[in-house]
Amino acid sequence: MSTVEEAGHLPGLAAETIGRRIVAHRAWGETVAVALPELGGDQARALCDHIRARARDTLRGMETARIVAAIDRASACLLDRTHPLRRKAEALLPVVTGYDRETVRLGLTSTLKTFRRPQLLRFLAEDFSNPGMLDGFQPAVKGGLVRARGPDLLLHVWAGNVPALPLWSLVSGLLVKAGTVGKLASAEPLTAGWFAQAIAEADPALGECLAVTWWKGGEGGAEAVFLTQAECVMAYGGNDTLAALRAKVPITTRFLPHGHRIGFAMVAREALDSRRTGPLARLVAQDIVRYEQQGCYAPQMLFVERGGPTAPDEFARHLAHALAALASRHPRRRLDPGEAAALAAWRSAHEMRALDSDGRSGGATLLGDPTDPWSVVLLDDAVTLGPSGLNRSVTVVTVDDLATVPALVAPHRAYLQTAGIAAAPARLVAIADDLAGSGVTRITALGRMTAPEAGWHHDGRFSLLDLVTVTEIEASAEAAAEGFAPYAE
Amino acid sequence: MSRTETSQAEIVEALLAFIGRGSATDAEFEALALRLFVYQFTHNAPYRRFAQARGRTPLTVRRWRDIPAVPIKAFKDLTLSCCPPEEAERVFMTSGTTGSGRGRSYHPTLAVYDASMRAGFATRVMRGRDAIRMGILFPDETALPNSSLAHYLALAREHFGTPDSAVFVGPTGLDLDALLAALAEAEASGEPTALLGATYAFVPVLDALKERGRRFALPPGSFLFDTGGFKGQSREIEPDAFYDGLSAAFGVARESCLNMYGMTELSTQFYDDGNAVCPPVKSGPPWIRSRVVDPLTGADLPEGETGVLVHHDLAHFNSVSAILTEDAGVIVPGGFRLLGRVEGSASRGCSVAVAEFLAAAQG
């Protein structure tokens with residue numbers, strides 16, 4: 001083993017008392033051993049008490065501006081390519097997640113850029129008409145005063161191997177002054193801990209209000225403590241995982257699930273002229289290659305409109321070419337048997353359809369060879385939205401009119417989130433309106449699907465508002481208090 | 001086609017001779033595999049298109065390992081038959097428990113299937129014994145005419161069962177009382193007995209015995225035979241717990257608990273030499289060979305690496321001999337170990353993968 005990296009951030013617990021589980025990750029010919037923290041039930045309880053007490057004693061009294069400054073400094077550290085944490089991230093994350101070095105480097109920068117001071121202020125302004133209500137009572141529009149408080153103990157249950165994805169919810173919690181415990185994702189167990197360490201370095205008092213740990217899902221002890229102690233649980237994962245978690249969370253605890261999602265893209269005929277086709281195909285290819293479609297925002301299906309100067313099948317060939325070109329700069333990681341099987345099953349299902357002698361359901365063309373690190377399937381007829389085989393596989397669906405797409409995706413409302421669109425302004429808005437009705441919550445340009453902007457509303461929810469509880473002083477109390485003032489007439 | 005056309009009768013004759021010899025060299029297997037590839041390529045149009053799409057034709061394929069293997073799902077989507085399907089003497093269909101459609105295998109004659117089954121069963125299950133009293137925990141052929149397992153078990157009973165053998169699954173399900181009476185009788189008589197059936201069919205029997213506090217000590221020479229797994233028909237039991245349970249309930253050592261691995265899309269079955277250790281080494285007769293491949297490229301993996309099993313069954317002559325399964329396995333000396341189904345894995349991140357999507361669509 002070349003390195004053993006201790007994951008997590010556990011203030012208030014003596015380092016030598018913390019049990020560790022060593023997990024080896026292998027990719028790109030290297031091995032990284034990660035020592036995941038494993039706490040006993042008593043340690044979990046002590047950690048919850050510590051975080052809750054610090055949140056009440058110190059975090060509550062901190063101005064939001066101070067928290068913003070600390071997050072800004074932590075992000076600056078991790079954006080600085082000479083900083084030791086950043087160097088560690090660039091060295092270890094490719095091995096742990098399997099993504100190529102360039103993808104990790106670009107992805108880290110792109111995510112961390114959204115956690116600088118201006119972006120954080122925008123984040124606050126998105127959800128709060130007056131972010132001052134996080135610091136104290138503020139006049140309410142309807143009369144009286146209002147104040148917002150985050151939970152004393154907010155538990156994040158992270159999942160997945162997309163680097164730095166947990167930072168979105170971690171930062172949201174801190175901005176509303178929540179005492180925070182995060183559970184690392186087994187598939188990317190490092191970034192959240194490093195970010196917490198960077199926060200602690202930037203503002204030691206804030207670092208005491210934040211813990212990052214791990215436990216084996218479904219195994220008693222610590223898990224039960226964390227799930228019952230938290231005032232609010234924000235959880236990520238597949239529906240089965242979320243259902244199992246929800247069953248263990250008391251009914252009085254706020255449970256905010258973020259399930260898996262499927263993304264798709266749309267290209268209008270007006271975007272398909274000979275000058276624009278190549279660059280557009282490259283942008284779609286970037287969305288597909290970035291994180292190997294493991295992120296919920298990545299496109300798995302592409303609806304391309306007939307009637308433009310470039311036909312949909314020609315666009316599919318441009319896309320295949322762009323994917324092939326990107327493969328040399330961003331090699332695909334080695335797939336495990338399950339992933340290869342999923343991809344093979346998706347390919348062969350289309351292949352069988354293409355071979356069907358009757359040709360009824362034909363019209364499927366496979367571009368690329370099974371040994372290529374990408375796959376494009378071109379369908380001549382409109383079909384409802386469905387997943388691809390992931391890992392750089394995409395279905396290009398030919399449609400006569402993009403206006404039909406909202407109906408094709410609507411059956412899967414529960415899984416919708418991001419749609420990338422290339423269309424003229426009037427159509428963009430018209431189609432977006434129908435997509436919103438079908439359950440789509442985020443619409444981006446092609447090439448930006450995997451990079452949500454600062455202050456985005458994850459799954460259409462208010463990332464900060466969902467976490468807080470408001471206390472209102474109604475106008476009557478405010479007015480009545482006047483009667484008791486020393487200066488009352 | 002530059003080669004001489006081979007007729008179905010010639011293929012059947014060659015296969016029956018091959019099976020009759022009981023052993024085969026690598027060259028003999030390869031020669032017949034290539035001959036069958038030509039036959040299937042010529043007469044099975046969807047398979048021909050599949051092979052052509054991979055650039056594999058009788059002109060380019062020189063080794064049996066290069067004969068393209070059809071994904072098992074194709075048996076659902078395509079009519080894979082060299083003879084006109086309506087001329088088939090029998091069509092075996094999968095139970096259709098997973099997903100849409102049922103996989104179909106067309107048999108213009110059952111002569112080869114039956115010869116293959118009998119030779120394998122005699123060698124690996126009977127092991128030199130002529131007949132044994134059988135209790136069968138699966139519906140018979142009249143109830144399930146399209147079930148390859150019902151036919152298989154009927155052959156077993158007909159050719160290797162004593163006259164007092166019986167089927168204990170009728171129109172109303174398992175006849176537990178009759179089964180328990182037969183087992184008690186076997187226990188008392190000292191005559192070896194075999195219980196054969198679907199894996200899941202043993203579960204309610206185990207449960208009933210536990211509930212009644214009843215155990216049997218079947219006479220020496222008895223054996224248990226299960227196949228097919230749980231298929232959602234009963235609760236799932238881990239292999240070690242399952243065979244411990246069988247062993248305890250019937251008084252048969254785990255060495256005498258045999259598992260057959262077969263499928264509708266094959267005409268030959270694999271066996272182990274008991275389940276003292278799970279997963280056991282599986283192997284088949286000389287007319288079936290297995291490879292472990294990368295499912296995406298179809299390329300052979302180095303021995304000892306886990307991949308997806310490809311079975312090449314010469315006896316499955318009318319449809320396609322080479323099939324890409326959805327079973328994970330690893331090649332070991334003497335055969336392969338079966339490591340369960342290859343599940344298309346969930347995404348590693350937060351995107352929906354096919355499995356979760358399908359589960360949601362099916363409610």
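Mentor: The model is predicted, so local features need pLDDT of at least 70 and side-chain atom pairs pLDDT 80 or more, while totals for chains, interfaces and linings use all residues. Residues are numbered from 1 along each chain as its sequence is written, with chains lettered from A and ligands numbered from 1 in the order written.

Chain A has 16 helices and 18 strands (DSSP runs numbered from the N terminus: H or I of at least four residues, E of at least two). Of its 489 residues, 50% are buried, that is, with 20 or more other C-beta atoms, placed from the backbone, within 10 Å of their own.

The largest nonpolar core holds 240 residues (buried Ala, Val, Leu, Ile, Met, Phe, Trp, Tyr and Cys joined through C-beta atoms within 7 Å). The members touching the most others include A:Val267 and A:Leu302. Helix H13 of chain A, residues 337–355, is the greatest contributor to this core, with nine residues.

H13(A) also matters to the view of chain B. Between the chains, 42 residues of chain A are in contact with 33 of chain B (C-beta atoms, placed from the backbone, within 7 Å). H13(A) gives the most to this side of chain A, with 15 residues. By class, that side has 23 nonpolar, 14 polar and five charged residues (nonpolar: Ala, Val, Leu, Ile, Met, Phe, Trp, Tyr, Cys and Pro; charged: Asp, Glu, Lys and Arg; polar: the others, Gly among them).

How values were computed
Buried ≥ 20, exposed ≤ 12 C-beta atoms within 10 Å, placed from the backbone. Contact = placed C-beta atoms within 7 Å.
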